[in-house]
There are 2 protein chains.
Amino acid sequence: MRTEDEVLDRIDRARRRKPKVREERITTAHGAGGKASQTLVEAVFVDAFRNALLEPLGDAADLVLGGTRLAMTTDSFVVSPLFFPGGDIGDLAVNGTVNDLAVSGATPAYLSCGFILEEGFEVAELRRIVASMTRAAERAGVSLVTGDTKVVGRNSGDGCYINTTGVGVLPADRALGIHTARPGDAVLVSGPVGDHGTTVMLARGELDIEADLVSDTAPLNGLCARLFDVPGVRAVRDATRGGVATVLNEIARAADVSVVLDESAVPVRDEVRGACELLGIDPLYVACEGRFVAVLDDARADEAVAALRADPLGADATVIGRIGADPPGTVLLNTVFGGTRIADLLVGDPLPRIC
Amino acid sequence: MRTEDEVLDRIDRARRRKPKVREERITTAHGAGGKASQTLVEAVFVDAFRNALLEPLGDAADLVLGGTRLAMTTDSFVVSPLFFPGGDIGDLAVNGTVNDLAVSGATPAYLSCGFILEEGFEVAELRRIVASMTRAAERAGVSLVTGDTKVVGRNSGDGCYINTTGVGVLPADRALGIHTARPGDAVLVSGPVGDHGTTVMLARGELDIEADLVSDTAPLNGLCARLFDVPGVRAVRDATRGGVATVLNEIARAADVSVVLDESAVPVRDEVRGACELLGIDPLYVACEGRFVAVLDDARADEAVAALRADPLGADATVIGRIGADPPGTVLLNTVFGGTRIADLLVGDPLPRIC
């Protein structure tokens, strides 16, 4: 368990960097999970909500309530379109919050859901979304226990937005954190990257690309449980907004290490690679909704990969790189062409509203 | 503590009433907290999310996590305008969730916040809102522990929407529930009604009415704690969307009793009464954000009123009626003119987007 001092220290370090929001108005980049988002969070929210429990860089808060250690996390979903191959905003909203709890080491238990509906939204579509949430909750073994519905006028929303907030029990002895990554550790990914973001982008139909692709949206709590049975796991993160490259940058910054990635080892489906090439986007930055990145003791990497591959959701799990020492705070990519380049945080996101 | 059987029974009763959503599209009435909202919740959500913990008629879910009994509640805030006399969307979002926990008998502890920002929203306004949330959290003694920010395009939002979700410890022996109201019980209100809704309506500036009025938005956890020190409290509800009349209708329906209200006893400020008369609205249906309705053993009513009046937030607490037997499910209003009329649930809300 992170001590209060450790967390305060992290907040202090974030403050010493003194991030400033230079824009006077919110842009889509502020919601994209990249540099602009991080600056907004650090400059506006962390500074105001200063307390030892706020986890500006974590997936879930680590709390104690009535003697029980629990994790709590929240996410609003504004994906467009609402329905896409392999899923919809409903299962996305359930899986997203289940996964934030799971990768933080908790056992997801209860979820709330808050709907903001636009006047004129079809009740039949709402029913489809609610049915999808129900199935996703059953699959993940969580209960949707409380809800709220607000309606806004036309052009003050976009059909349906959903907030899900979740809580789950955190084992007393679980001590995860991206700041604990150390040189020599292995970095693995639980499956092919970029399926979700690419699928949603293509589902918008603005591009004349056809691909036989579905979202990877899925609950990762079962897969995380398998991973946590292997000793030596330091940190797990689901690779949502900003994709695998953004998670790796967060790890590099939090632990003051480098991450050395082997580009040829990163599993990317041909359809994703093809679509991303046409879109001019690097799949490493494209959101997944059913994949995680884990950092663990290199001596346990083979054992971890074998454990994950025993589950269909982790069938393509593989080691994609190592933690290094220098330069700290940097992600280095050994490219398929034999060169090395820096995979920095992006300011915004070439694919907005994918979750 | 409500047993699973009791809750399932309530859900079954709700199902037997077989509510049907007749509209094909969402209307503002579905978000107003009245009949249309209840039908939507019962027909679409309760039916799908069928589990013993879902509280279709409660303010918060009553859960057990790792041996701790806790309450969990969620609310999205879409108030327009974002800033109004006496408050803004920020303190409203904190107080609203604090109050849902408090009236359910819990001690509010941790809140999450999820922002949906419209592209172009001013960062300075976001800072004001965040500062207001911080002050509200400090006043209520809760921590904002986890957050999320999404950005949507212009005309897909309205500046800023906020979801807050909260958890708090529920004492093991606390057994509240509007279904436990019984004939002879006293009904009290903690202060003047309708201030918030009227203030927000006037703040829109569409009506040429000036009134020296501020929102009553405030955290009620301290006041609830005073009330719970008095034995014989059966149920507490904060009178938000739909106002006091809607809460009383929910009590009448849940407990299969009548509520007999003395109109002249209901505290309403002159400014609220005047504005509501011009608007053609009954203050009994206008939202408060810092008032609750309580049902308790009549023999303890004086003691309860005295306890509440010892707190500035409860200075005008007073008994406004009694629980009766007949006709079950009905709210009867003894008017100031000596007549009696039924104060039924409204289908929608004459004041949309007040929270």
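Modeller: A salt bridge here is a side-chain nitrogen of Lys or Arg within 4 Å of a carboxyl oxygen of Asp or Glu. By that rule, a search of the whole structure gives 30 salt bridges over all chains. The model is predicted, so local features need pLDDT of at least 70 and side-chain atom pairs pLDDT 80 or more, whereas totals for chains, interfaces and linings use all residues. Residues are numbered from 1 along each chain as its sequence is written, chains are lettered from A and ligands numbered from 1 in the order written, and side-chain values use heavy atoms, without hydrogens or water.

One of the salt bridges joins B:Arg353 to B:Asp158, with 3.0 Å from N to O. This pair links distant parts of the chain, 195 residues apart: B:Arg353 lies in the segment after β14 of chain B, and B:Asp158 in the loop between β6 (143-152) and β7 (160-169) of chain B (strands are DSSP runs of E with at least two residues, helices runs of H or I with at least four, numbered from the N terminus). The backbone of B:Arg353 also deserves attention, for its phi is near 55°, a positive value in a residue other than glycine. In chain A, A:Asn155 likewise has a positive phi, of about 70°, although it is not a glycine, and A:Asn155 sits in the loop between β6 and β7 (160-169) of that chain.

Between the chains, the rule finds 6 salt bridges across the interface of chain B and chain A. B:Arg25 forms a salt bridge with A:Glu122, their closest N and O atoms being 3.3 Å apart. The contact (heavy atoms within 4.5 Å) takes 79 residues from chain B and 79 residues from chain A. Together the two chains bury about 6600 Å², 66% of it on carbon and sulfur atoms (the accessible area, with a 1.4 Å probe, lost on being put together and summed over both parts).

Charged ends also sit over rings (NZ of Lys or CZ of Arg within 6 Å of the ring centre and within 35 degrees of the ring normal). The charged end of B:Lys150 lies over the ring of A:Phe77, 5.5 Å from its centre, and within chain B the charged end of B:Arg174 lies over the ring of B:Phe228, 4.3 Å from its centre.

Turning to the sheets, 7 strands of chain B form an open sheet of mixed pairing, in the order β9-β11-β8-β12-β10-β13-β14 (strands pair if DSSP finds at least two bridges between them). Its edges are β9 (233-238) and β14 (340-342) of chain B, and each has a single partner strand, so one side of each is left without a neighbour in the sheet. Within chain B, β10 (residues 258-262) and β12 (residues 318-324) run antiparallel and are joined by 4 bridges, and the bridge partner of B:Leu261 in β12(B) is B:Gly321.

In chain A, 5 strands form an open sheet, also with mixed pairing, in the order β1-β2-β7-β5-β6. There β5 (residues 107-118) and β6(A) run parallel, joined by 9 bridges, and A:Leu111 has A:Leu144 as its bridge partner in β6(A).

Finally, two peptide bonds are cis: the one from A:Asp326 to A:Pro327 has omega near -15°, and the one from B:Ser80 to B:Pro81 has omega near 5°. A:Pro327 belongs to the loop between β12 (318-324) and β13 (330-334) of chain A, while B:Pro81 belongs to the loop between β2 (68-77) and β3 (83-84) of chain B.
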